[in-house]
2 protein chains.
Amino acid sequence: MTIKELAEKAGVSFSTVAKALNNNETINIETRRRIQSLAKKYNYRPNILAKGLRNRHTQTIGVILNDLQSPFYSEIYKAIGDILYKNGYTMYLADSKYDETTERKNILTMIGLGVEGLIISAVNERSNNLELLLMEDVKTVFIDNRPLWDDISCVYVDHTVASYLATKYLITHGHKKILLLNGPVNLPSSRRFYQGYLDALKEATLPVNPSLTIYDSLGLLETVSLMNKIWMGNHRVGLNDFTAIITLSDLSAIGIYEAALNNNFSIPRDYSVVGYDNIFGTEYLSPPLTTIHQPKEQTGSLAVTMLLNSILSKAEDNFQIILNPTLIERQSVLKID
Amino acid sequence: MTIKELAEKAGVSFSTVAKALNNNETINIETRRRIQSLAKKYNYRPNILAKGLRNRHTQTIGVILNDLQSPFYSEIYKAIGDILYKNGYTMYLADSKYDETTERKNILTMIGLGVEGLIISAVNERSNNLELLLMEDVKTVFIDNRPLWDDISCVYVDHTVASYLATKYLITHGHKKILLLNGPVNLPSSRRFYQGYLDALKEATLPVNPSLTIYDSLGLLETVSLMNKIWMGNHRVGLNDFTAIITLSDLSAIGIYEAALNNNFSIPRDYSVVGYDNIFGTEYLSPPLTTIHQPKEQTGSLAVTMLLNSILSKAEDNFQIILNPTLIERQSVLKID
DNA sequence: TTGTAAGCGTTATCAA
DNA sequence: TTGATAACGCTTACAA
C-alpha cells in the first residue's frame, strides 16, 4: 500500500495524501481525518527507503561491535536497543570479530544503508577505518575504548583505574607477586591497563617483575591454554612466581578457573583471581568471582543518548565520557599472611 | 560520492557509470576498468536505499527476538550474523521483550525498512501479528517455537523430547517426586514441555502429582522468589514433596541455585536440578549444571540459510526443521537410593 | 559502445 | 485547500 494507491481510494491526488499523512495543516481537517483512517484501514506504512532517500532520515543507526555473543557486549546493545526503540529508531548490528577488514566492510555497509549514526567499539584505536569515519562525516560514538583523535564522542571506562583497583585490592590482601594477564602489547588499552597495575605496585613500594605481565589476546580458550602451560611448568613464568592473577576480562577469568580445575589447583586457596567486566554469571561461579565492574548498561545508554541528541539537535559538540569502574568483592581472593 | 559525481569525473554519462560499476558487458572493458578504479579512488559506495527502492533488494533481513541479552538468543543471532555477513547481508535486530504490541511495532518497522526477510521468535504462537506477517507476504522463518499454521518455515527443538530426556534421567537416578517449573499455562510450548514430563513418568509407571507442575513465566528473578517461597514453606508445594526439579530454562535454573543458597540447601545433596538450553556459563556453575542442550548455533544457522535460500532462489517451499535436544550430564543431579 | 529517460515511494516547492 | 512537479540515487529498457 503506497501513497499513490491510497490516493486512488481516497479520490484525491497523491500529494494531498502525503500531506494529510504528515498532518499538514494546509489540508482540510476533514480530508486529513478521512485519509488517515483510510491509511489505518489499509495498513499503510511509509516506505522508509523512499523516505530516507528523499530526506536522509532513515531512523536507523548502526552498532558495530567485536563479539556479538559476549555477555559484555550484549548488555551494552540491549541498553542501546531499548532506548532506540523508545525513540522510534532501529539498529543494524554487526560483528567485526576484532578484525580490521571486517570492521571496514561493516562501516561501509552501514553508511550505504543510510544509518544516521554509528556506535562502534573500534578494533584498533587508530586504524584508518576511523579516518574513514571522520572523512565521511558520520556521526559516531565510540565505546569501550577511544580513538586517538580529540574531536570525537566516546564513552568508555578508565582501564587504568580498573587495574589499579584490582591490584590495590590484592595488595591489601597480602599479595606481592601478581600475574597480570593483559591484552595485546600494541594496544593503548593494554598500556592503560598496565599503567594502573604499575601505579598500585609503586604506591605500595612493591617490586615490579616485568616477566609477570603477559601480553596476548586472551579469550576464554586462549587463557585456558596459557594457564595450562604455566601450571604444567611449560612457561617462563613459574608456578611459584605469583600468588594472584589479574586478568583483562571475566571471560578470561573463567578460563583461569577452567585451567585451575585441569591442574587441581583451588581458587582462591592456591591462587587468587580478580576479573574485569563483571559479566552475567560471574556471581554464580565457584567461587564467585571478585571482579572489577564496568557499567555496561550505562555505557550503552549514554552512548545512544549522546548519538540521538547529536542526530536530533544537529549539535556539533563532542563529548568524552569516562566512566568509573568499581570493585565487586566476592570470593576468589584469599587474604594471605 | 554518487554515480553522477563519478560520471563527471570520468567524463561519461551517469548511466555508463552505473553499468560499468555493475560490470555490465556492454560497456567497453577499458571504460569499465577506468570507472571502477575511479570509484575505488573516491571511495564510492552505492546508496542502498536508492538501490532498494528501485529493485526491492536491500540486502538486509530483520531478526526479532524476545530478549537480546539472554545468552540463549545471543548464541543464535551470533550464528545468524556470521552467515549473513558472508553473504553480504546485514541484519536489523529488535527486541520484543515477550510483548505482543512491541512485537507488532517491530514487525511493521522492519517491513517499512524493506527487509527481504524476517527471522522471528514469536511471542505467541497464534497472535494476529503472525497473520499480519502472512498477509504482508514477508518471507519469514520462525525459530524457537512455531506458529499454528502449517505453511510456514521454522526451526525449533522439540520440547517434548527435552523434558522427556530430563525426566527420564532423573527417574533413572532414583527420583520419583519431580517438581516441574514450566512456562505460562496457555502456551503450546508449555504444553509440549509438560507432555514429555508426563510421558517419562507414565513410562516408568510413576504417579503423576498435578500440584508438582508450576506454570509461570519464570525468569531468573521470578524463579528465585518462587523457590524462596517454596523453601521457606510459604507455598502449596511442600519441602518434602519433591527431590528434584526440572526447569524450562537455565536462567531459571540459576535462580534455583540462588534460592538454594538463600535457604541453605545444597544442590544436588538436598535437591537435584536439571536445566534447559545449555547456555554459556552453566558448565562453570557450582555445581556444574546438568541440562538439556539446545543446538542454538545450529538453530540460527539453519534459520538464516533457509531464509537466504528462499530469498535468493525465490523458491516457495516451506520447511519445518525439528532439532533434537541432548542431555548434558554434569553434577547437579544426585543418585538416590 | 554509450546515452536518454522512466520509475521506485517519498517530500517539498510552487502553481492553481 | 488541493494538485502538479521535481528531486533523492539507482537500474534498466530503449534509442542513438
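Helix axes are lines fitted to C-alpha atoms over the stretch in contact, and angles run from 0 to 180 degrees between N-to-C directions. Helices are DSSP runs (H or I, at least four residues), numbered from the N terminus. The model is predicted: local features need pLDDT of at least 70, side-chain atom pairs count only at pLDDT 80 or more, and totals for chains, interfaces and linings use all residues. Residues are numbered from 1 along each chain as its sequence is written, with chains lettered from A and ligands numbered from 1 in the order in which they are written.

In chain B, the axes of α6 (residues 100–112) and α7 (residues 128–136) come within 10 Å and cross at roughly 15 degrees. α6(B) is therefore roughly parallel to α7(B) (angles under 35 degrees). From α6(B), B:E100, B:E103, B:R104, B:I107 and B:I111 meet B:N129, B:L132, B:L133 and B:E136 of α7(B) (contact: C-beta atoms, placed from the backbone, within 7 Å). These residues divide into 4 nonpolar, 1 polar and 4 charged (nonpolar: Ala, Val, Leu, Ile, Met, Phe, Trp, Tyr, Cys and Pro; charged: Asp, Glu, Lys and Arg; polar: the others, Gly among them).

A:R45 lies in the loop between α3 (29–41) and α4 of chain A. Beyond its neighbours within four places in sequence, A:R45 contacts B:L108, B:I111 and B:G112. The C-alpha atoms of A:R45 and A:M1 are separated by 7.4 Å, at 44 residues apart along the chain.

DNA strand D is surrounded by 24 residues (C-beta atom, placed from the backbone, within 6 Å of the strand). The closest are A:S15, A:T16, A:N28, B:I3 and B:A50. α4(B) gives the most to this surface, with 5 residues. By class, the surface has 9 nonpolar, 11 polar and 4 charged residues.

Notes: Helices (H or I, at least four residues) and strands (E, at least two) are DSSP runs, numbered from the N terminus. Two residues are in contact if their C-beta atoms, placed from the backbone, lie within 7 Å. Angles under 35 degrees count as roughly parallel, over 145 as roughly antiparallel, 65 to 115 as roughly perpendicular and the rest as oblique.
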